[in-house]
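Me: I'd like to learn how to read a few local features in a structure. Could you walk me through it?

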Amino acid sequence: MPEPVGFFTDTTICIGCKACQVACHQWNDLPAGRGERTSLPVLSGNSYDNTGSFSDVNWRHVKFIEQFSTDPNRTQAAWLMMSDVCKHCVNAPCLDVCPTGAILRTEFDTVFINEPACNGCRDCISACPFGVIHMSASRHVAQKCTFCYDRLQKNLAPACAQACPTQSIRFGPVRELKRMAEQRLDQLKGLNRPQYKDAQLYGADAKVLGGLNSFYLLLDKPETYGLPEHPQLPSRSVPRSSLWSIFAALMTALGLLFAFRSRRSRSEVAEKPQPHAPGGAA
Amino acid sequence: MNLFVADPEWGWWIVLYFFLGGIAAGCYFVATIVDLIGDEGDRRLAGIGFTVAFPLIALCGIFLILDLERPERFWHMLLQSEVVHQALDEGWPWSGSSWELMVQAPMLKHWSPMSIGAWALALFGVCSMLSLVGNLLPERRPWRWLKKPWIRWPFQLFGCGVGFFVAAYTGALLTATNQPLWSQSEWIAALFLTSAASTGLAVFMLASGWLGDVDDATVVRLQRADLWALALELIVFVLFLASLTVTLEPVLHTVHGQVFVFGTLIFGLLLPLALHLLPGPSKPRATLAALATLLGGFLLRWGIVLAPGELLTQAPSLPAVAWDESLWSTTAGKIFLAAAILLALVVPLLVAQRLQWPAPRKWSALAVAVAVLAVVGFYTITPARQLQEWEVIGWSGFSPEDGRLRGGGEGASISNRSQNLRLRTKFEAMTAQ
């Protein structure tokens with residue numbers, strides 16, 4: 001078995017060039033997002049980010065977190081950049097719920113959707129806490145980052161990591177990436193600069209879903225980057241939901257047995273003054 | 001509340017399935033109870049319950065298949081597609097090795113509500129079909145043995161079990177996600193189950209109105225049963241709202257949220273309860289209560305299924321959720337708690353009196369009120385973050401994915417694994433050149 005591999009994304013050196021997105025589109029033959037009326041990709045008009053979000057064709061998405069000052073002319077601006085991708089969670093919610101077994105754990109510890117098995121029930125979409133998975137409009141199956149499973153099998157780095165010009169996306173065995181991430185965090189903290197005071201790792205330890213094989217160095221709290229603080233493994237709620245349901249089912253059964261026992265309701269009708277008229281629909 | 005998720009776009013097919021599937025399960029359940037302990041007059045109604053259950057659940061199956069993006073692959077939920085294809089490649093059914101594969105083909109993940117629900121739906125379909133046929137052709141030979149008590153009762157009770165499972169798993173399925181609202185409450189399954197019972201009873205009350213020659217004693221019993229089912233549903237509904245804690249306020253800012261909170265409360269619960277609490281049997285009142293219950297049951301499914309989509313699109317304009325606060329700190333929370341206390345003090349007492357509850361009624365009603373308010377109080381005053389952290393700790397190890405360590409093998413993907421995955425890759429094109 002090969003060692004678990006992952007991405008360490010250092011958002012502090014991401015320049016938002018989207019080369020990773022382009023490389024992903026190119027290697028995986030993903031079409032460009034098109035506008036409704038034109039055959040060309042359109043400008044979003046509300047952000048410098050024109051690819052918007054994850055989608056069936058954007059398996060990677062470079063987020064621009066645009067922080068403008070609140071004065072009318074928005075004189076102060078700051079950008080946080082983050083190249084986001086499927087986290088390949090160690091305890092993966094999508095894989096947990098998938099009823100067809102289409103979502104697999106590969107020998108590299110990554111999470112992979114086996115297209116021929118997927119029937120498009122979309123349970124994985126509701127399970128993923130990161131909004132990663134989308135239905136392909138053309139293939140009608142769930143789609144997301146494959147971690148370039150085909151390239152991994154040939155000992156090649158995933159296309160995005162290969163293309164990243166600043167090495168913001170690092171690919172390698174998770175064990176080495178974690179050491180690298182901790183060193184980088186220590187280095188930033190050692191600089192004592194205000195912009196690094198909230199620097200933190202997200203997903204490197206087991207706190208988020210047992211760990212994320214694609215983990216991040218962030219400069220602010222996870223929510224700022226659109227990352228949830230407390231994602232849950234879906235199956236954890238099932239025993240409790242079941243317990244309350246069984247209780248409710250027993251109570252319902254008890255009540256109906258009580259209501260339908262014949263004797264008492266007969267007497268209640270008999271107490272009525274007027275005689276019983278058969279055949280009357282009242 | 002995680003607003004960073006994508007919308008699965010479960011729409012009308014799913015809403016209708018949850019609603020009609022609940023009715024089918026409720027009908028089968030009530031029919032079994034009536035068949036079991038009712039008198040001759042009631043048994044005619046049992047026939048109606050069995051007649052309604054199967055067509056409804058068959059319709060549900062069709063809706064679910066239509067909802068799939070690849071409807072022709074619906075069987076992938078029941079059989080491991082990769083294993084079946086492999087068996088076919090090995091010449092199934094004409095080779096021994098292919099049979100070895102085929103017997104391993106059933107697909108079941110007991111920790112995934114959708115996986116286990118697909119099986120429950122199939123089983124309930126079979127049970128309700130047999131009950132329907134046994135009811136329509138009681139004297140024909142293959143079905144006559146269905147009437148033998150030692151087959152009939154275990155069979156019908158099993159049918160009730162899977163029926164209730166179908167009604168409840170739909171709620172557990174919504175909770176077992178990371179969507180806003182759905183994943184917030186562990187009470188949705190119980191809520192859908194109690195609503196299945198009340199909407200099933202509603203169909204019986206409508207039928208007793210239409211049939212004409214159903215006697216008053218039966219109507220009284222149906223009303224009593226419905227009174228109980230509605231009171232139970234009201235309790236679970238209140239617990240469900242309490243368990244939303246601070247997210248109740250943003251939910252109430254959505255149209256779907258308002259519809260399922262107020263629509264279900266008024267039409268599905270309070271109106272039919274009030275109608276049943278009036279003394280004496282009355283078919284028009286029972287019919288009106290039944291129609292209101294059905295409307296309320298539908299609004300419940302419609303609102304809950306579609307609310308997360310609205311929450312996600314409305315996210316920027318929603319009131320901020322203060323996770324360190326409790327439900328009590330919000331205006332909606334204070335109104336909710338006042339309403340819950342009022343209902344807890346009044347409803348159990350009135351219901352106990354109307355049902356002629358054999359135990360001391362005031363004390364029984366007080367015990368119910370105290371128990372409900374204790375749980376509601378717990379949800380209301382505990383800070384949301386605290387509740388959330390307890391939920392994350394939750395019940396671990398139910399799924400092989402839970403507690404799986406990095407590099408810890410296949411986890412929850414133990415099944416439907418193929419030796420030779422058909423990867424989409426550029427390498428093939430490159431080597432072809």
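Me: Is R74(A) buried, partly exposed or exposed?

Reply: Buried means under 20% relative accessible area, exposed means over 50%, and partly exposed lies in between (1.4 Å probe, protein chains only). R74(A) has 49% relative accessibility, so R74(A) counts as partly exposed. Before we go on, note that this is a predicted model, where local features need pLDDT of at least 70, side-chain atom pairs count only at pLDDT 80 or more, and totals for chains, interfaces and linings use all residues. Residues are numbered from 1 along each chain as its sequence is written, chains are lettered from A and ligands numbered from 1 in the order in which they are written, and side-chain values use heavy atoms, with hydrogens and water left out.

Me: Where is R74(A) found, and what is its phi?

Reply: Helices (H or I, at least four residues) and strands (E, at least two) are DSSP runs, numbered from the N terminus. R74(A) is in the loop between strand 2 and strand 3 of chain A. Although R74(A) is not a glycine, its phi is positive, about 45 degrees. H88(A), also not a glycine, has a positive phi of about 45 degrees; H88(A) sits in the loop between strand 3 and helix 2 (93–97) of chain A and is buried, with a relative accessible area of 0%.

Me: Which ring does R74(A) lie over?

Reply: A charge sits over a ring if NZ of Lys or CZ of Arg is within 6 Å of the ring centre and within 35 degrees of the ring normal. R74(A) lies over the face of F68(A), 4.1 Å from the ring centre. In chain B, the charged end of K334(B) is placed over the ring of W328(B), 5.3 Å from its centre.

Me: How many aromatic pairs are there over all chains?

Reply: Rings of Phe, Tyr and Trp (its six-membered ring) pair if their centres lie within 6.5 Å; planes under 30 degrees apart count as stacked, over 60 as edge-to-face and the rest as tilted. By this rule there are 25 aromatic pairs over all chains. Take W12(B) and F298(B): their ring centres are 6.0 Å apart and their planes at 25 degrees, so the pair is stacked. W12(B) is in helix 1 (residues 12–37) of chain B and F298(B) in helix 12 (residues 283–313) of chain B, so the pair ties together parts 286 residues apart in sequence. F298(B) also forms an edge-to-face pair with F19(B), at 5.4 Å centre to centre and 80 degrees between the planes. Both F19(B) and F298(B) are buried.

Me: How do helix 8 and helix 9 of chain B cross?

Reply: Two packed helices are described by the angle between their axes and the distance between the axes. Axes are lines fitted to C-alpha atoms, for helices over the stretch in contact, and angles run from 0 to 180 degrees between N-to-C directions. Helix 8 (residues 188–211) and helix 9 (residues 216–243) of chain B have axes that come within 9 Å and cross at roughly 155 degrees. Angles under 35 degrees count as roughly parallel, over 145 as roughly antiparallel, 65 to 115 as roughly perpendicular and the rest as oblique. Helix 8 and helix 9 of chain B are therefore roughly antiparallel to each other.

Me: And which peptide bond is cis?

Reply: A cis peptide bond joins W92(B) and P93(B), with omega about 5 degrees. P93(B) lies in the loop between helix 3 (81–89) and helix 4 (96–103) of chain B.
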